[in-house]
Amino acid sequence: FQAGVGGGAINVGYGSVTNGGNNQITIDGSTVKATDATSNIDDLNIYAVNAVDVENTVRGFELGGVVGGAFISKAIDASNTKVDLGETAGNTFIGSAICIEAYNDPHMKAVIDAFDIGALSGKGNIATAKASGKTTLNVDAKNNFDANEVELVAISGEYKDDENSTSQTGPEKVTTEANVLGGAPAIVGVIVNKARTYNEMETTLNVGAANFYKTIVEDNLKTSQDETNIQSGITDLIIGAVNSTDSFANIDEGSRTGGGVTSGSNFAQTNANSNVTLNIDAGDKLHVNTLELYATNNETIKAIANGTNGSLVNVSPYAAKVENNITATTNLNVVGNIETEDYFIAQALGKTTANLKADAMNASVVGGSGTAVDSVITTTSNVNIGNDTKQANITTGGDTVVEAENTINLNRADGFDKMVLGNGYGGVTASVAHIDNTVNSNANVNLNSTNILSAGEVDLITHTNEDLRVNSYVYSTGVLNDSNN
């Protein structure tokens, strides 16, 4: 908390929290077996988890003839989660069902709550929340998995599906959140607010030509060491790499200025650059019952810039501006020989949801302000089967599905029907509102040196679904007004 009272109050309030480190599980040359109290085979679960929850708040109050300075709040996470299996020596894992998961789920929140009153007020407030960790799962070819079902998953962020959620912290939490709150009424006031979020998570899952099988022993031979009485079954295998991160950048009442002459520039800035990579090298043969491969990249963004103010004269370069930049890249790469008794599915799925609003309601005798949204969304989802140096051969006893899909939703949430709202009420007003919105969607299925032999249907699919609502409104009343929309 920073406070200043007097003829002049010029203060700097600064708070920063940075989290790092590594959460890692390494298993080499080992046998891990799960049994219950009666020595029956039980489920085997191996989890490496990073769950960080940080809220950094900087509060300040200033009262004086001249008030100024800066308030800065930062909440940053760069921690990594990793699981390495069989890098130097092989392992054997035995269970009824086996789940191995690397999970990295930070929640970083930066808040500024500052209020200034003075004859002359000048201020800069910047809140920054950032998550840039890595989630990695490596499964070497030297590993053996003895189970009915095996699931290998690397997850960045809070992953949810229709039935289950791995969340430990509740749906109200987001990966990164930046809030600027407060106000600066003054005879002459200049204030610049910035709420910034950065999601730069990286998810990588590498699986080599490991052995997947299930051992079946007749009930009356459970203690027998005679291998002739043991049958070998086939495993259901699920392998998934997931990014599911979200952000909220918000200027709320921190942009509220009032008095004689005011100029407020208020920026809600959201930045996301997420990468998901799933690499499968099946070697000479990966033989399972069913095989599901999925690389999923979900980015959810909300940004609100509120530039409301009231004064005799108001001139703001950007009373309210949202700047949104999202790049989401998803790659699923498969080489080697794969054989399934039933179906084979390989999917690269990108989903981007953005809800953006810039709102400037200005009441002044003389007023002029800018209200804007600049947004660039680039989503790329690739499924690559085979490459220039390694062939892929896929033989299935059921259907084969290879799919790359992007889904982009823009301003479809409740309360975001007006992306830009510029208002000018007064004697002389000039309001400018603009939207610069760019969407780039790339969905690719690439077969290179690939042979597919399927006993069922073969579906090769690329698909992009865009649901966009883009609009701006300017309402201006005055003796003289000039509004551009």
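At 30% relative accessibility, Lys82 counts as partly exposed, a label used here for values between buried (under 20% relative accessible area) and exposed (over 50%), with a 1.4 Å probe and protein chains only. Lys82 makes a salt bridge with Asp84, and the closest N and O atoms of the pair are 3.6 Å apart. Asp84, for its part, counts as buried at 4% relative accessibility. A salt bridge here means a side-chain nitrogen of Lys or Arg within 4 Å of a carboxyl oxygen of Asp or Glu.

Before going further, a word on the model. This is a predicted model in which local features need pLDDT of at least 70 and side-chain atom pairs count only at pLDDT 80 or more, while totals for chains, interfaces and linings use all residues. Residues are numbered from 1 along each chain as its sequence is written, and side-chain values use heavy atoms, with hydrogens and water left out.

## The overall picture

The protein chain holds 27 strands and zero helices; both are DSSP runs numbered from the N terminus, with helices (H or I) needing at least four residues and strands (E) at least two. Of the 485 residues in the chain, 50% are buried. Take the contacts (heavy atoms within 4.5 Å) between residues at least 6 apart in sequence: 87% of them join residues at least 24 apart. Accessible areas come from the Shrake-Rupley method with a 1.4 Å probe, and for residues only the protein chains shown count as cover.

## Salt bridges

How many salt bridges does a search of the whole structure find? The search finds 11.

| Pair | Closest N and O atoms |
|---|---|
| Asp53 and Lys173 | 2.6 Å |
| Asp84 and Lys82 | 3.6 Å |
| Asp417 and Lys418 | 3.5 Å |

Asp53 forms a salt bridge with Lys173. Asp53 sits in strand β5 (residues 53–77) and Lys173 in the loop between β12 (149–157) and β13 (176–199), so this pair ties together parts that are 120 residues apart in sequence. Asp53 is partly exposed, with a relative accessible area of 44%, and Lys173 is partly exposed as well, at 25%.

In the pair of Asp417 and Lys418, Asp417 is partly exposed with a relative accessible area of 36%, and Lys418 is partly exposed with 26%. Elsewhere, a network of salt bridges links Lys321, Glu323 and Asp374.

Leu44 belongs to strand β4 (residues 44–50) and is buried, with a relative accessible area of 8%. Leaving aside neighbours within four places in sequence, Leu44 is in contact with Val32, Ala34, Phe93, Ile94, Gly95, Ala97, Ile98 and Cys99. From C-alpha to C-alpha, Leu44 and Ile100 are 8.3 Å apart in space, while 56 residues apart in sequence.

Thr296 is part of strand β19 (residues 290–306). Is Thr296 buried or exposed? Its relative accessible area of 9% makes Thr296 buried. With neighbours within four places in sequence set aside, the contacts of Thr296 are Ala241, Val242, Asn243, Val276, Thr330 and Leu349.

## Surface patches

Patches are made of residues with over 30% relative accessible area and no salt bridge; like charges are joined within 9 Å, and nonpolar side chains (Val, Leu, Ile, Met, Phe, Trp, Tyr) within 5 Å.

Which residues form the negative surface patch? They are Glu341, Asp342, Asp399 and Glu457. Asp and Glu count as negative and Lys and Arg as positive, with His and the chain ends not counted. Glu457 lies in the loop between β25 (450–454) and β26 (458–468) and is exposed, with a relative accessible area of 53%.

Leu447, Val458 and Leu460 make a nonpolar surface patch of about 240 Å². Leu447 is in strand β24 (residues 420–447) and is partly exposed, with a relative accessible area of 40%.

## Positive phi in two loops

Ser39 has a phi near 70°, a positive value in a residue other than glycine. Ser39 lies in the loop between β3 (31–33) and β4 and is exposed, with a relative accessible area of 57%.

Asn411 has a positive phi near 55°, and is likewise a residue other than glycine. The loop between β23 (400–410) and β24 holds Asn411, which is buried with a relative accessible area of 0%.

Note on methods:
The place of a charge is taken as NZ of Lys, CZ of Arg, CG of Asp or CD of Glu.
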